[in-house]
Amino acid sequence: MQTTDRALELTGYQRQDFSVCLGCKICASVCTVNDLSFNSNPQDILQRLFLGREIAAEEPLVRFCTGCYRCTGACPWNIRIPEVVRALRETLSTESPFEKAFKASLQIWGRVYEPYVLMRAVPFLLKGGYIKHMSRWMEYMGFHLPHKVKRT
Ligand code: SF4
Ligand code: SF4
């Protein structure tokens, strides 16, 4: 089975569903990946799926889509492009450790269980040297470590 066929199966879309795409490229104009100058074009991905053409794992959208749904909100047809991208990543075996952990958590508990996701992500965070940024992330997420209060 072709990558595009398998990806379509995972999204629940039919190939012909994308025939409604107007080619207006509003999705590309609001795409977060383009804020980082990667020149991504979600409409191009949909067109290739529609035509049954292969999509490479190196495609900027496949690599960097944040799943923010800005494109879906702006699209006249509300096409769920991030779900298409997630299906492509699964088909191309390029899912991030976080995506794998989210999915496993959903399969086990039927919900995203944060401690489990974090536990699964720790080896990746350690390997990538990201652990040193943990205190900043926690601050950003609203967690604060206890600190001494100065008494006068
Ligand atoms: S969900 Fe992905 S494709 Fe859509 S706007 Fe966000 S980054 Fe771009
Ligand atoms: S915004 Fe929707 S209709 Fe317009 S090009 Fe993108 S996917 Fe197609």
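**Labels and their cut-offs**

Reply: Gladly! H4 supplies the largest share of the shell around ligand 2, 3 residues; helices here are DSSP runs of H or I with at least four residues, numbered from the N terminus. This is a predicted model, where local features need pLDDT of at least 70, side-chain atom pairs count only at pLDDT 80 or more, and totals for chains, interfaces and linings use all residues. Residues are numbered from 1 along each chain as its sequence is written, while chains are lettered from A and ligands numbered from 1 in the order in which they are written.

Me: Which residues come nearest to ligand 2?

Reply: A residue is near a molecule if its C-beta atom, placed from the backbone, lies within 6 Å of it. There are 14 residues around ligand 2, and Cys21, Cys24, Cys27, Gln43 and Cys75 come nearest. Helix H2 (26–30) and helix H4 (42–51) are the elements that give two or more residues to this shell.

Me: What makes residues of the shell around ligand 1 nonpolar, polar or charged?

Reply: Ala, Val, Leu, Ile, Met, Phe, Trp, Tyr, Cys and Pro count as nonpolar, Asp, Glu, Lys and Arg as charged, and the others, Gly among them, as polar. On that basis the shell around ligand 1 divides into 12 nonpolar, 3 polar and 1 charged. Its 16 residues have Cys31, Cys65, Cys68, Cys71 and Pro82 as the closest, and H7 gives the most, with 3 residues. The shell around ligand 2 has 11 nonpolar, 2 polar and 1 charged residues.

Me: Why is glycine 73 called exposed?

Reply: Because 11 other C-beta atoms lie within 10 Å of glycine 73, and a residue is exposed at 12 or fewer, buried at 20 or more and partly exposed in between, with C-beta atoms placed from the backbone. Glycine 73 sits in helix H6, and its C-alpha atom is 8.7 Å from that of cysteine 27, 46 residues apart along the chain.
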